[in-house]
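Subject: Structure handover

Hi,

Here is the structure I promised to pass on. Please open it alongside this email; my notes follow below.

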Amino acid sequence: MAFSFTKWQGCGNDFVLVNGFREQLPDDLAALSRRVCDRHYGIGADGLILVLPSEQADFRMRIFNADGTEAEMCGNGIRCFAGVVHAEGLSGEAEFTVETGAGVLVPRLQLAGSRLTGVRVDMGEPILEGERIPVLGFGASRVIEQPIEAAGEMFSMTCVSMGNPHCVIFVEDAQDVPMEKFGPLLERHEKFPKKTNVEFAEIKDASHIRMRVWERGAGITLACGTGTCATLTAGVLNDVLDRAADIEVDGGVIHVEWRADGHIFMTGPAEPVFTGIWQGSL
């Protein structure tokens, strides 16, 4: 089995991307993702992303986590997806539509001549009803500053879906949180029937926040684009953030704005790392 791939990263959140218009892939994409994302025996990445044709948008994005599970969406991933579309000449437009498991989203390339300097994505409107996130026990109510327990510790969570579930917890010092201890317990907590991403967020000021993330299906990553959107939303709901802020993650800074029309816009980098040919097996 052989196919060409490109590796990209957005604030250190890295992905193996495959052009499905050109390459043939095996049926077992979960196994393929586990294999290529392995940092010792594979290429090494947080996820595998496929660039595919769509019947309802210009392109379709499928993303598989490093553990083989398929995610609905990925904010850093869709910026890298847009970068590949541009780099491989699949679209000559600066803006196009992408079908995802979270609906059709609209990335817009930021260009200096032909050089990609960043990508802004209309991420749509956040989902705030507990039953739609989903979080058990809240019905259609919002989940704002609600208690949750893990390893004998009590936390206060605010939950948001950006097409995928997020549990945002505000802390005094994000750097001091033992992510390896609490991340997996909260990801798999009984309140989250589809598991959840977990963000620990430290307010610096009304337009600046420090965030660390435990991603569902991937563990600790250097950044999570949908997580920055969920964190801004949670900050606004808790009246501790403005509607536009810089979200500082382990791998860089992502700017997020929750506009008056309800849509969230995320802006950040997408950079190629290397290209190659996969010749391994499952």
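The salt-bridge count comes to 15. Please keep in mind that this is a predicted model.

**Salt bridges**

Side chains of opposite charge can pair when their charged atoms come close. Start with arginine 39 and aspartate 46. They form a salt bridge, with 3.1 Å between the closest N and O atoms. Aspartate 46 has a relative accessibility of 12%, so it counts as buried. Arginine 39 is at 48%, so it counts as partly exposed. Both residues belong to a network of salt bridges that also links Lys7 and Asp14.

Next, look at arginine 62. Its side chain meets that of glutamate 70 in a salt bridge, 2.9 Å from N to O. Arginine 62 is partly exposed, with a relative accessible area of 22%. Glutamate 70 also counts as partly exposed, at 40%.

A further salt bridge joins glutamate 187 and arginine 188. Here the closest N and O atoms are 3.3 Å apart. Glutamate 187 is buried, at a relative accessible area of 3%.

**Threonine 158**

This residue sits in strand E10, which covers residues 153-161. Is threonine 158 buried or exposed? Its relative accessible area is 0%, and under 20% means buried, so threonine 158 is buried. Its side chain reaches the backbone nitrogen of glutamate 145 at 3.1 Å. Leaving aside residues up to four places away in sequence, threonine 158 touches several others, among them Val143, Ile144, Glu145, His166 and Cys167. The list of contacts also includes Ala234, Leu237 and Asn238.

**Backbone points to check**

Most residues other than glycine have a negative phi, and most peptide bonds are trans. Three places are worth a look with that in mind.

- Isoleucine 133 and proline 134 are joined by a cis peptide bond, with omega at about -5°. Proline 134 lies in the loop between strand E8 (115-122) and strand E9 (146-150).
- Alanine 151 is not a glycine, yet has a positive phi of about 55°. It is found in the loop between E9 and E10. At 43% relative accessibility, alanine 151 counts as partly exposed.
- Aspartate 239 is not a glycine either, and has a positive phi of about 60°. Its place is the loop between helix H4 (225-237) and strand E15 (244-249). Aspartate 239 is exposed, with a relative accessible area of 70%.

Best wishes

Note on methods: Residues numbered from 1 in each chain as written. Predicted model: local features only at pLDDT ≥ 70, side-chain atom pairs only at ≥ 80, totals over all residues. Heavy atoms only, no water. Salt bridge = Lys/Arg side-chain N within 4 Å of Asp/Glu carboxyl O. Buried < 20%, exposed > 50% of the residue type's maximum accessible area, 1.4 Å probe, protein only. Helix = DSSP H or I, 4+ residues; strand = E, 2+ residues; numbered from the N terminus. Polar contact = N/O pair within 3.5 Å; in protein donor to acceptor, adjacent residues only side chain to side chain. Contact = heavy atoms within 4.5 Å.
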